[in-house]
Amino acid sequence: MNNALSEFIVTFVLLILLILLANPFDIWMPNMVATMLLLAVVLLFGLFTIFVWREQVHDEREILHRMIAGRVAFFAGSGVLLFGIIVGELRHDLDPWLPAVLGIMIVAKATGLLYAKAYR
C-alpha cells in the first residue's frame, strides 16, 4: 500500500507541476521559476518511470490490468496528439513535434508487440 500511495503522490505532484508549467492562468513566470519547474518535472517523471518499471506482477489478473492500463494510456496519448495535429493543421500552424511523437509512439507500439510475440 505504501508503494501505491507514493506512486499516487508522485503522479499528483507531477500533474500539478505540468499544469503550472503550461501557465493556464496567464501568470507571468520568470525564467528561473520556469527552469526550476522544468527540472522538477523531469525529476518527478523519472520517479514515475521507476515506479512503472519496477512494478511487480503476481498473477494473471495483474498482468491483464497492466495491459489494459498500457492500452488506455496509448490511446489517450495518441488521441490527444491526433487532436493537436488536426487543430494545428486547420490553423495552418502545425508543430512538427506532434506528428513526430505520434509516429514514434506507433513505431514503439508495433516494435513492442513484435518483441513480445518473439519471446512468448
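Contact means that heavy atoms lie within 4.5 Å. The legends below describe a predicted model, in which local features need pLDDT of at least 70, side-chain atom pairs count only at pLDDT 80 or more, and totals for chains, interfaces and linings use all residues. Residues are numbered from 1 along each chain as its sequence is written, and side-chain values use heavy atoms, with hydrogens and water left out.

View 1. Leaving aside neighbours within four places in sequence, L44 is in contact with V10, V13, L14 and L17. The largest nonpolar core consists of seven residues, V10, L14, L17, L37, V41, L44 and F51. Such a core is a set of buried Ala, Val, Leu, Ile, Met, Phe, Trp, Tyr and Cys residues joined through side-chain atoms within 4.5 Å; buried means under 20% relative accessible area, exposed over 50%, and partly exposed in between (1.4 Å probe, protein chains only). The elements giving two or more residues to this core are α1 and α2, and α2 gives the most, with four residues. Helices (H or I, at least four residues) and strands (E, at least two) are DSSP runs, numbered from the N terminus.

**View 2. The largest pocket.** This pocket holds about 1,600 Å³ of space. A pocket is an open set of points on a 1 Å grid over the protein atoms alone, where a 1.4 Å probe fits, with protein on both sides within 12 Å along at least five of seven lines; lining residues have an atom within 4 Å of a point. The volume is the space filled by probe spheres set on the points, which are joined across faces, edges and corners. Of the 34 lining residues, R66, M67, A69, G70 and R71 lie nearest the centre of the largest pocket. Two or more lining residues come from each of α1 (2-22), α2 (31-53), α3 (60-90) and α4 (97-118), and the largest share, 11 residues, comes from α3.

**View 3. The salt bridge between D59 and R61.** One salt bridge is found in a search of the whole structure. The term denotes a side-chain nitrogen of Lys or Arg within 4 Å of a carboxyl oxygen of Asp or Glu. In the bridge of D59 with R61, the closest N and O atoms are 3.9 Å apart. D59 counts as partly exposed, at 29% relative accessibility.

**View 4. H92 in the loop between α3 and α4.** H92 is placed in the loop between these two helices. The phi of H92 is near 60 degrees, a positive value in a residue other than glycine. Most residues other than glycine have a negative phi. H92 is exposed, with a relative accessible area of 72%.
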